[in-house]
Amino acid sequence: MWQPDLPAQDAEIAVVWGPPAALFERERKLRAVFNLGAGVDALFKLPTLPADLPIVRLEDAGMAVQMAEYAVWAVVRASRQFDDYVRQQGQGLWNPLPELDRAQWPIGVLGTGVMGTRVAQTLASLDYPVAGWSRSGAVPPGVQGFAGTAQLPAFLARTRVLINTLPLTDDTRNILRRDTLEQLQPNACLINMGRGEHLVEEDLLALLENGRMQGATLDVFRQEPLPSDHPFWSHPRVTITPHVAALSLRRETIAQVADKIGRFMRGEPLTGVVARDRGY
């Protein structure tokens with residue numbers, strides 16, 4: 001365990017989550033760093049991180065199914081009008097609302113890695129029309145694929161519910177901004193499970209206020225914890241959760257990291273090795 005007052009341990013492996021920059025200044029014999037999460041953007045912010053040090057990220061570890069659950073919860077709340085029924089209960093109203101037409105709720109998943117693929121598959125299994133967008137355009141069966149910057153406008157234009165599961169890179173930072181969100185279908189909804197820095201918060205608030213967007217479910221923010229005076233807290237069409245959409249499960253995480261370290265030490269092929277040029 002890291003202790004700043006200890007001398008160098010000549011460690012070969014570092015297992016980290018949000019490590020101090022001093023770690024890489026002190027431990028000069030590291031052969032690899034294993035990250036206790038899927039996102040590695042915090043590591044890339046450290047100026048002391050050696051440019052040639054292999055980084056291996058966590059894959060799934062129970063997170064994908066949680067992200068799928070979170071997405072289903074948010075999508076079904078909106079499309080089945082369950083929030084309206086909660087309000088009606090408070091008013092003592094028995095008033096069945098119009099039935100669900102899933103064709104009116106096309107879903108777009110930004111990012112189709114392990115997490116996004118599970119989200120897309122789960123929603124497609126509920127008969128929602130689902131599309132996925134990524135660099136490669138690779139998607140699971142039953143999901144429409146869109147690839148790269150050239151196809152992003154078409155992906156947005158067919159989407160009413162936009163779900164973000166992207167990693168944070170220089171290319172994806174601020175991708176959820178006015179000019180992209182305005183390309184969504186009318187009465188659009190945003191579900192952000194990626195990173196807070198994907199979203200330009202002021203742009204979302206403006207689009208909610210002018211009626212261009214119907215609502216947002218947000219799990220991640222630029223500043224966490226979210227400041228108590230932030231307008232998201234009191235906005236009637238914003239739902240907030242405290243970065244809990246997908247938590248690394250302890251047992252699965254330990255088993256996966258131990259397996260990856262064993263493979264690395266034996267010189268065997270590894271999955272989850274971060275490509276520095278992509279940022280994930």
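Where is His243 found? His243 is found in the loop between β10 and α9 (250–266), where helices (H or I, at least four residues) and strands (E, at least two) are DSSP runs, numbered from the N terminus.

## Basis of the model

This is a predicted model, in which local features need pLDDT of at least 70 and side-chain atom pairs count only at pLDDT 80 or more, while totals for chains, interfaces and linings use all residues. Residues are numbered from 1 along each chain as its sequence is written, and side-chain values use heavy atoms, with hydrogens and water left out.

## Backbone features in loops and segments

The phi of His243 is near 55 degrees, a positive value in a residue other than glycine. At 32% relative accessibility, His243 counts as partly exposed; here buried means under 20% relative accessible area, exposed means over 50%, and partly exposed lies in between (1.4 Å probe, protein chains only). Asp10, which is not a glycine either, has a positive phi of about 55 degrees. Asp10 belongs to the segment before β1, and with a relative accessible area of 46% this residue is partly exposed.

A cis peptide bond runs from Glu224 to Pro225, with omega near -5 degrees. Pro225 has its place in the loop between β9 (213–218) and β10 (238–240).

## A parallel sheet and a surface patch

Strands of a sheet pair through backbone hydrogen bonds, either parallel or antiparallel. In this model three strands form an open sheet in the order β1-β2-β3, and the pairing is parallel. Because β1 and β3 (55–56) stand at the edges, each with a single partner strand, one side of each is left without a neighbour in the sheet. Two strands are taken to pair if DSSP finds at least two bridges between them; β1 and strand β2 (residues 32–35) pair in the parallel sense over four bridges, and the bridge partner of Ala14 in β2 is Val33.

Val15 lies in strand β1 (residues 13–16) and, at 41% relative accessibility, counts as partly exposed. Together with Trp17 and Leu36, Val15 forms a nonpolar patch on the surface, and the three have about 280 Å² of accessible area together. Patches are made of residues with over 30% relative accessible area and no salt bridge, with like charges joined within 9 Å and nonpolar side chains (Val, Leu, Ile, Met, Phe, Trp, Tyr) within 5 Å. Accessible areas come from the Shrake-Rupley method with a 1.4 Å probe, and for residues only the protein chains shown count as cover.

## Helix α3

Helix α3 (residues 63–79) has 17 residues and reaches 24 Å from its first C-alpha to its last, close to the 24 Å expected at 1.5 Å a residue; the expected span is 1.5 Å times one less than the number of residues. The helix is mostly covered, with 12 of its 17 residues buried, and among them are Met63, Met67, Tyr70, Val75 and Arg77. Just after α3, Gln81 takes a positive phi of about 60 degrees.

## Salt bridges

Side chains of opposite charge can pair when their charged atoms come close. A search of the whole structure finds 16 salt bridges, a salt bridge being a side-chain nitrogen of Lys or Arg within 4 Å of a carboxyl oxygen of Asp or Glu. One of them joins Glu197 and Arg173, with the closest N and O atoms 3.0 Å apart. Glu197 lies in the loop between β8 (188–192) and α8 (201–209) and Arg173 in the loop between β7 (161–164) and α7 (178–181), so the pair ties together parts that are 24 residues apart in sequence. Arg173 is partly exposed, with a relative accessible area of 28%, and Lys45, Asp170, Arg173 and Glu197 are linked in a network of salt bridges.

Arg26 forms a salt bridge with Glu27, and the closest N and O atoms are 3.1 Å apart. Arg26 is buried, with a relative accessible area of 18%, and Glu27 also counts as buried, at 5% relative accessibility. In the salt bridge of Glu252 with Arg251, the closest N and O atoms are 4.0 Å apart; Glu252 is partly exposed, at 29% relative accessible area, whereas Arg251 counts as exposed at 69%.

## An annotated domain

UniProt, in an unreviewed entry, places the feature "domain: D-isomer specific 2-hydroxyacid dehydrogenase NAD-binding" at residues 73–245. UniProt positions are given in the numbering used here, feature names are shortened, and annotations may be inferred rather than shown by experiment. In the model, the end C-alpha atoms of residues 73–245 lie 11 Å apart, and the span is 30% helix and 18% strand.
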